[in-house]
Amino acid sequence: MGWPDLTRAALQAAARGWYVFPLTPRGKKPLRGFTDWERHATTDTDRIAAFWPRQPYNIGIACGPSRLVVIDLDQPKPGEYPPAGLAQHHPQNGEHVFRLLYAEHAQPYPDDTFTVRTRRGGTHLYFTPPEGLRLRNSAGHKGGLGWLIDTRACGGYVVGPGSHVTQPDGTGPYEILRDLPPTPLPAWLAEALAPTAPPSMSAADLLASLPDHRLTKYGQAALRGEVDRVATAQRGERNRALNTAAFNLGQLVTRRVLPAEVVITALQSAAETANAEGDPNPPREIAAVIASGLSAGMKAQPRRSRAA
């Protein structure tokens, strides 16, 4: 496919409301230096029209910003065979396994959603996720839907239609098979893909799990209070609560009431536990909020500690 065709394909994806970014020419990886692709992916037609003609960039579609869940049904590689539990059904590829899964749930196979044929003869099925449910990738992790089935969602991307990939394990285009709007992800599939929330941890349990430090009663009480602040904050207010907690405890770190590593561990654990209940912040963003608040608190006029 030539440069004008790739530009046109990138613009078509953006017209569907999908956020695109450049992949290496004839490759599947983000362009070198394009490390924060999820944040920089765009639907801006002017930017796309100005950038893509520079080289025959393949097209990456960032699933999270695009509100897409893409089911990747792959072909087996040489010497790759189904696990014992599936062998009796003689599945030939991921699509066969996916059809078995649909049959088990007595559901019609999704022939009514946007579908792409991949370079090795696999299939990408595009769906929209349920409101309020943040699904992530299953690619490369155990516990997915089945053999040769991967999922791309928040934090993941797919090679978009119009791209042409040349790789040792297969060369070919990504072509639209069914040009239809993505349909909503079936509820039973969403349930199967939903992350399992870790058990909630009380402030006392969390403090007991921290590295062995001798804390004063005041230090323990202050840490427990700020952990509770984060754990009980309402959705949409947790970042502010986390920043405030880090700021307050940062002042105690300066006065050597609390070790910084204990504060960071406690707040990170509390925020990630709260995060499992529906907030979208990944661990690295939580860590950034903690670092910012802690640094500000350590530079501020420290509050006085009460006698232990």
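Leaving aside its neighbours within four places in sequence, with which residues is leucine 100 in contact? The points below answer this and then turn to the rest of the model.

1. **Basis.** This is a predicted model, in which local features need pLDDT of at least 70 and side-chain atom pairs count only at pLDDT 80 or more, while totals for chains, interfaces and linings use all residues. Residues are numbered from 1 along each chain as its sequence is written, and side-chain values use heavy atoms, with hydrogens and water left out.

2. **Leucine 100.** Its contacts, leaving aside neighbours within four places in sequence, are Leu86 and His89; contact means heavy atoms within 4.5 Å. Leucine 100 and histidine 89 are 11 residues apart in sequence and 8.6 Å apart in space, C-alpha to C-alpha. Leucine 100 belongs to helix H6 (residues 94–104). Helices (H or I, at least four residues) and strands (E, at least two) are DSSP runs, numbered from the N terminus. With a relative accessible area of 26%, leucine 100 is partly exposed; buried means under 20% relative accessible area, exposed over 50%, and partly exposed in between (1.4 Å probe, protein chains only).

3. **The largest core.** The largest nonpolar core has 28 residues, and Trp18, Val20, Trp52, Ile59, Ile61, Leu68 and Tyr126 have the most contacts inside it. Such a core is a set of buried Ala, Val, Leu, Ile, Met, Phe, Trp, Tyr and Cys residues joined through side-chain atoms within 4.5 Å. At least two residues of this core come from each of helix H1 (3–15), strand S1 (19–23), strand S2 (58–62) and strand S7 (157–159). H1 gives the largest share, 5 residues.

4. **A separate core.** Another core, of 24 residues, lies apart from the largest one; Val230, Leu249, Leu258 and Leu267 are among its members.

5. **Helix H9.** The 16 residues of H9 (residues 217–232) reach 22 Å from first C-alpha to last, close to the 22 Å expected at 1.5 Å a residue; the expected span is 1.5 Å times one less than the number of residues. Tyr218, Gly219, Ala222, Leu223, Glu226, Val227 and Val230 are its buried residues.

6. **Glutamate 226.** This residue of helix H9 counts as buried, at 7% relative accessibility. Not counting residues up to four places away in sequence, glutamate 226 touches Ala245, Asn248, Leu249 and Leu267.

7. **Aromatic pairs.** The structure holds 13 aromatic pairs. Rings of Phe, Tyr and Trp (its six-membered ring) pair if their centres lie within 6.5 Å; planes under 30 degrees apart count as stacked, over 60 as edge-to-face and the rest as tilted. Phenylalanine 21 and tryptophan 37 are stacked, at 5.1 Å centre to centre with 20° between the planes. Both residues are buried. Phenylalanine 98 and tyrosine 109 are edge-to-face, at 6.0 Å and 80°.

8. **Arginine 99.** Arginine 99 lies over the face of tyrosine 109, at 3.8 Å from the ring centre; this requires NZ of Lys or CZ of Arg within 6 Å of the ring centre and within 35 degrees of the ring normal.
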